[in-house]
Amino acid sequence: MTKSSSLNNSKVILELKSVTKTYITGASQFNALDNASLKIHQGEFVSITGPSGSGKSTLMHIIGLLDNPTSGEVLLEGRDIAKLKEHQLAQIRNITLGFVFQQFNLLPKTSSLENVLLPLLYSDVPKKDRQKIGINLLIKVGLEDKFNNTPAQLSGGQQQRVAIARALVNNPKIILADEPTGNLDSKSGEEIMKFFHQLNEKEGRTIVFVTHDMDLAKQANRTIVIKDGKISEEKYA
Amino acid sequence: MLKPSFNDLLKSSFRSILKNKSRTVLTSLGIIIGVTSVILLTSIGNGLKKYITDQFDSLGANSIYVSPGKVFNDNGGFAQGGVSSMMTTSFTQKDYSFLKRKIKNAEIIPASAVFANISSSFSTQKNIEIDGSTENFGVINNIEPSAGNGRWFTEEENNKKTPVIILGYQIAQDLFPKSSAVGKKVIVKGKTLKVIGVSDKKGSSFGGPSLDKQAYIPIEVAYDLSGKTDIQSIIVKVKNKDLIETTKKEITDIMLDRYDDKDAFSVFDSSQLLSSINSIISMLTIGLTGIAAISLVVGGIGIMNIMLVSVTERTREIGLRKAVGAYPRAILIQFLIEAVILSCIGGGVGILFGYLGTLAIKPFFPAQVTISSVILAFGVSSIVGIVFGVAPARKASKLSPIEALRYE
């Protein structure tokens, strides 16, 4: 039995059903996503790739509940997110999803530890446990000596590792990464990818990442190629 | 439960405010100026009230004033034309003797003013208020010359129409700049009067006519000078404070009997006069404070402006916070708290400056910081923070996370 078929048997954690996202600028309409359907299973390591402007970021935003589709359904763990209110979506983003961005998006002039702890501000995790969680995660990403450094005092790779620790802080089921190595040199990029692999293999976390780099995309178990808003092919590693 | 906790919100708000120290100072400046002026003005108003109360306490305690015409309106303020009616209408000798006969256990002191020029060998002072009264008038009004400055006239001098005069401090200076006025002669309406005393310096109490620019003569002499025996006011001095109300009632009944019109005369004591003056000062203080409060509004607009800038600057941060789970209200509250902290910093510094300013003017002017004005100033500045913080905070909370994250 191939890996893909075994995944097909596991639980679907996220499903898009004929999702279309239309942007209207003046008189012209533009479908950033056109009737896209896909399923992501628990424990999968999926890459989304395609040329720039193909709609991969839009797809990422919709998967990340940061944006609403114009039509179609998004089901997260079987729940239709269209029916959820803004604050419920925020809660899901907080608990179920972990984001890693190309630009790192760390708060400036704020220590690594506090950056990691940021999502916990909006969670129910008791205050007394927070510090420990953050410290453990920073140790896990190899920044045990950088707790109090601000982003400006860290290299790009280190900043992205802080961002990964932040994404993990609420123990999310899905990690969503948008060009996570896009702003890094190749060595740091490799390290970050290695880390994602570990998270996937050792902890069974579902990882979805967007990249325009086909070589990087191939590292995933499955690659979703998107072109002009349409999902053109899916390749299994 | 509030997520993040209030403590966390405060901490992060303070941090972002401290990141931009000079901006914080400049933004708070509007509120600082507003609160400082509000505190200063209320301090001055309150000090003035206290000063006047003290003056009144030293002045006509246990005295009831009976004046012709309606002095007070129904709200306790001065009636329109009330004070001037005191000047134009008068009681008659009959009113006076009637009161004197009917009211027991009290001294009845008539007062009749003459406006005339006073001349000395040195100068002429024009149109001076010369109050004619009895031998007790000086003690009651606390205008008796102190030791070394002569004396008040006696009952005998009054009865015998002895031509004597007591000068106010300033008028004595003007008439006799080179030496003491006591013992000198002055001429009023062609009549020569001997100066037997000079009152101590009183100063102008509240912008009214200065007691230092008045003179006092026996009422019998005043009748002669004016050619009339009108009485402009009657002072009823009672033995103690408890008698004031009952005596006032008595006088009112007697006068109503005579005039059959409650607006034809007024019966009041110093507390009533005091409360009228205080209500005027309160109005003035409120008015001036209101004008000063405009600067609070201007300060509030400054805060709104800088918060809008801050929201724009921190668009990415807002996007990130939303992406990692901040719900709109959490963002709203965060920015609102920042605005309130900014305005409260302004309020706190303003209160401090207002306090220091009050201390600085205290030697020259009666001023007093009150707790209520501090509480008010602080309350108003936090309200300003909330009111002017809402618009930027709402803007922040409504940002779409992806657009915010994409913001360069």
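What follows is a short exchange about chain B of this predicted model.

Colleague: What should I know about the model and its numbering?
Modeller: This is a predicted model, in which local features need pLDDT of at least 70 and side-chain atom pairs count only at pLDDT 80 or more, while totals for chains, interfaces and linings use all residues. Residues are numbered from 1 along each chain as its sequence is written, and chains are lettered from A and ligands numbered from 1 in the order in which they are written.

Colleague: At what angle do α10 and α12 of chain B pack?
Modeller: Helix α10(B), residues 270-313, and helix α12(B), residues 328-361, pack at about 140°, and their axes are 10 Å apart.

Colleague: How many residues does chain B give to the contact with chain A?
Modeller: Chain B gives 18 residues and chain A gives 19. The largest share of the chain B side, five residues, comes from α11(B), which spans 315-323.

Colleague: Into which domains is chain B divided?
Modeller: Domain 1 covers 6-54 + 277-406 and domain 2 covers 62-269, with bounds from an automatic or database domain assignment. Their centres, taken over C-alpha atoms, are separated by 52 Å.

Key
Axes fitted to C-alpha atoms, helices over the stretch in contact; angles between N-to-C directions. Helix = DSSP H or I, 4+ residues; strand = E, 2+ residues; numbered from the N terminus. Contact = placed C-beta atoms within 7 Å.
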